[in-house]
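Please look over the sequence and the model before reading on.

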Amino acid sequence: MTEQRVRWGVLATGGIAAAFTAALVDLPDAEVVAVASRTESSAKAFAERFGIERAYGGWDALAHDADVDIVYVATPHSAHRTAAGLCLEAGRNVLVEKAFTLNSREATELVELARARGSFLMEAMWMYCNPLVRRLKALVDDGAIGEVRTVQADFGLAGPFPPAHRLRDPAQGGGALLDLGVYPVSFAHLLLGEPADIKASAVLSPEGADLQTAALFSWDNGALAALHCSIVGGTGTSASVTGSLGRIDIPDGFFHPERFVLHRDGRDPEEFVLDAADGPRNTLRHEASEVMRALRAGETESPLVPLEGTLAVMRTLDAVRERIGVRYPQEG
C-alpha cells in the first residue's frame with residue numbers, strides 16, 4: 001500500500017462485485033489491480049469491463065498476490081468462510097460481503113484468524129458507513145428522541161425467484177434472512193445492541209429456505225424491535241425509531257436513505273437530506289473510503305463496523321434461524 005493509493009483485489013464477479021468495483025474506480029485513492037473467479041473466462045471478462053490488469057481463474061492466486069493490499073470477497077455468503085479464510089491465511093487484509101458468514105461459528109473463526117495474523121477484517125455493512133445513517137445514529141446517541149423504545153424495519157423483494165436461484169438455494173445460504181434480513185437486524189443492533197430475547201416466525205419454501213421471516217426482539221431496558229424480511233413481497237424498506245421524546249422516520253431505503261425526518265415533542269418536524277457532495281444514495285464509496293482510512297491508520301478493524309458487532313449480529317441471525325427451523329446443508 002502506497003501512502004496515496006490502496007490496491008484492491010476483487011474475489012467474485014457477480015452483481016455486487018461489479019457495483020463495488022465501479023465505486024472503487026471512481027475513487028482517486030483506490031486502484032483495482034486484480035480479480036479472481038472460479039473460471040478464467042469470467043475473471044477476464046470482468047477485468048476487461050473495468051480495466052483491471054490481472055485476472056485469475058481461481059482464488060488462490062489472488063490470495064497470494066503480494067501486490068494486493070486488500071481483497072474484497074463478494075461470493076455468495078456460503079463461500080465467505082472459505083474465500084476470506086484463504087486470503088487471511090495468505091496475509092491479505094479482507095473486506096467480506098454481508099451476511100458475513102453462514103453462522104456465528106464461521107464468523108468467529110474468521111475473526112480469530114484475522115486477529116492472529118494481525119490483518120484487517122471488516123464486514124461490508126455499507127449501511128453503517130452511510131453519512132445519513134451515521135447522522136441518525138449520532139442524533140439517537142445524543143438523546144434527540146430520548147430513550148429508544150421501539151425499532152421497526154423491513155426489507156422485501158417481490159420475486160418470484162426459482163428454487164435454483166441463490167436467494168432460495170439452501171446450499172448457498174439462500175432465504176430472506178441472510179440476504180435481506182441482515183439489514184433490519186443490523187439496524188436494530190446499531191441502535192440497541194444485541195437483544196436479550198428473540199422470537200421469530202417464518203414461511204419456508206419446499207427446499208427449506210425462509211421465504212419471509214418476522215422477528216420480535218426485546219432488550220432488558222424494555223426496548224422492542226419488530227423486523228421483517230421477504231423474497232415473496234416487495235416492501236417499502238422503511239424504518240422508524242421511536243423514543244421517549246420523539247421519533248425518527250426513514251420513509252424508504254432505510255439502509256441507504258435519501259432523507260429522514262426527526263419528530264420531537266413540541267417542535268416542528270426536521271428533515272435531514274443526503275448531501276449532494278456525498279454522491280448518489282446507492283453509492284458504496286463510503287464503505288470503501290472507511291476501509292482505506294483504517295488501512296492507512298494501521299487499524300485492524302473499523303470503529304464504524306467493529307468485529308464484535310458483526311459477531312453479535314451473526315449470533316442473532318443464528319438464534320432467528322433456530323426459531324424458524326432453517327439449517328443449511330453445510331451445517332450437518
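The points below are grouped by topic.

The model is predicted. Eight strands make up an open sheet with mixed pairing, and helix 8 packs on that sheet.

**Sheet**

- The strand order in the open sheet is 8-9-10-7-11-12-13-14.
- Strand 8 and strand 14 (270-273) are the edge strands; each has a single partner strand, so one side of each has no neighbour in the sheet.
- From one strand to the next, the twist averages 10°.
- Strand 8 (residues 197-204) and strand 9 (residues 210-218) run antiparallel and are joined by eight bridges.
- Within this pair, A202 has T213 of strand 9 as its bridge partner.
- The two strands form a hairpin with five residues between them. G208, in the turn, has a positive phi of about 95°.
- Strand 9 also pairs with strand 10, in the antiparallel sense and over seven bridges. Here F217 stands opposite A225 of strand 10.

**Helices against the sheet**

- Helix 8 touches strand 7, strand 9, strand 10, strand 11 and strand 12 (246-250). The direction of helix 8 makes about 160° with that of strand 7.
- Helix 10 lies across strand 8 and strand 9, and its angle to strand 8 is about 55°.

**Largest pocket**

- By class, the lining residues are 14 nonpolar, nine polar and five charged.

**Second largest pocket**

- Helix 10 provides the largest share, with four residues.
- The lining of the second largest pocket divides into seven nonpolar residues, five polar and one charged.

**Cis peptide bonds**

- The bond from K98 to A99 is cis, with omega near -5°. A99 sits in the loop between strand 5 (93-96) and helix 5 (104-117).
- G159 and P160 are also joined by a cis peptide bond, with omega about 0°. P160 belongs to the loop between strand 7 (148-156) and helix 8.

- A12 is not a glycine, yet its phi is positive, about 115°. The residue is in the loop between strand 1 (6-11) and helix 1. A12 is buried, with a relative accessible area of 11%.
- T237, likewise not a glycine, has a positive phi of about 45°. T237 lies in the loop between strand 10 (224-230) and strand 11 (239-243). With a relative accessible area of 13%, T237 is buried.

Conventions: Residues numbered from 1 in each chain as written. Predicted model: local features only at pLDDT ≥ 70, side-chain atom pairs only at ≥ 80, totals over all residues. Heavy atoms only, no water. Pairing = 2+ DSSP bridges. Nonpolar A, V, L, I, M, F, W, Y, C, P; charged D, E, K, R; others polar. Buried < 20%, exposed > 50% of the residue type's maximum accessible area, 1.4 Å probe, protein only. Axes fitted to C-alpha atoms, helices over the stretch in contact; angles between N-to-C directions. Contact = heavy atoms within 4.5 Å.
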